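Please look over the sequence and the model before reading on.

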Amino acid sequence: MGSIVGYMSVPGTIAAADLSSHQYHVVTFNGTSRQVAVVANANDTTEHPAGILQDDPDTALHAADVACFGMAKAECGGTITAGEYFSYNNDGEIIADAVNTAMQTTANDLVHMGIALEDGVDGNIIDVFIMNMGLQGVE
């Protein structure tokens, strides 16, 4: 079965650096107007994900297609099962993240970004549904 993607993009985003090796990774705004960079610290509650990079800009200040809602593609950083919520690791790859029913708040809180639509293992590119649900899990 072929993949179906349909997502909302963040308008006017540009790469802060060469992101050609980070296609399908989670990115964040870097503090400079509309520039995105790969997330650096999954446990940093001040580094908010902008979405998932869908193209591969190879130079700083080139346009970057960042999916922020809907069906898109993402690279796995470990094993994930279809239907699981996902967060991301320090390389911007998605990882499985169980719903935190106790609503714990520790330094290891993760940001649920959406739901995996396919099974995947480290290095796989899979379909996901991005919802950017916010801080909810514990690593």
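Which residue stands opposite I94 in β8? The residue is Y88. The answer comes from a predicted model, as does everything that follows.

## The β7 and β8 hairpin

Strands β7 and β8 run antiparallel and are joined by 3 bridges. Together they form a hairpin, with 5 residues lying between the two strands. In the turn, G92 has a positive phi of about 85°.

## The nonpolar cores

In soluble globular proteins, nonpolar side chains tend to be buried together. In this model, the largest nonpolar core contains 20 residues. I52, F86, I94 and V128 are the members with the most contacts inside this core. Two or more residues are contributed by each of β6 (66–75), β7 (85–88), β8 (94–96), β9 (109–116) and β10 (125–138). The largest share, 4 residues, is that of β9. Apart from this core lies another, of 11 residues, which includes V10, L19, V36 and C68.

The surroundings of V128 may be described in more detail. When neighbours within four places in sequence are left aside, V128 is in contact with I52, F86 and I94, among others. Further contacts of V128 include G70, M71, A72, K73 and A74, and also I115, A116 and L117.

## The salt bridge

Side chains of opposite charge can pair when their charged atoms come close. The structure holds 1 salt bridge. It is formed by D127 and K73, whose closest N and O atoms are 2.9 Å apart. Because D127 belongs to strand β10 and K73 to strand β6, the pair ties together parts that are 54 residues apart in sequence.

Are D127 and K73 buried or exposed? Both residues are buried, that is, under 20% relative accessible area.

With a relative accessible area of 46%, R34 is partly exposed.

L61 is exposed, its relative accessible area being 55%.

Conventions:
Residues numbered from 1 in each chain as written. Predicted model: local features only at pLDDT ≥ 70, side-chain atom pairs only at ≥ 80, totals over all residues. Heavy atoms only, no water. Core = buried A, V, L, I, M, F, W, Y, C linked by side-chain atoms within 4.5 Å. Buried < 20%, exposed > 50% of the residue type's maximum accessible area, 1.4 Å probe, protein only. Contact = heavy atoms within 4.5 Å. Salt bridge = Lys/Arg side-chain N within 4 Å of Asp/Glu carboxyl O. Pairing = 2+ DSSP bridges.
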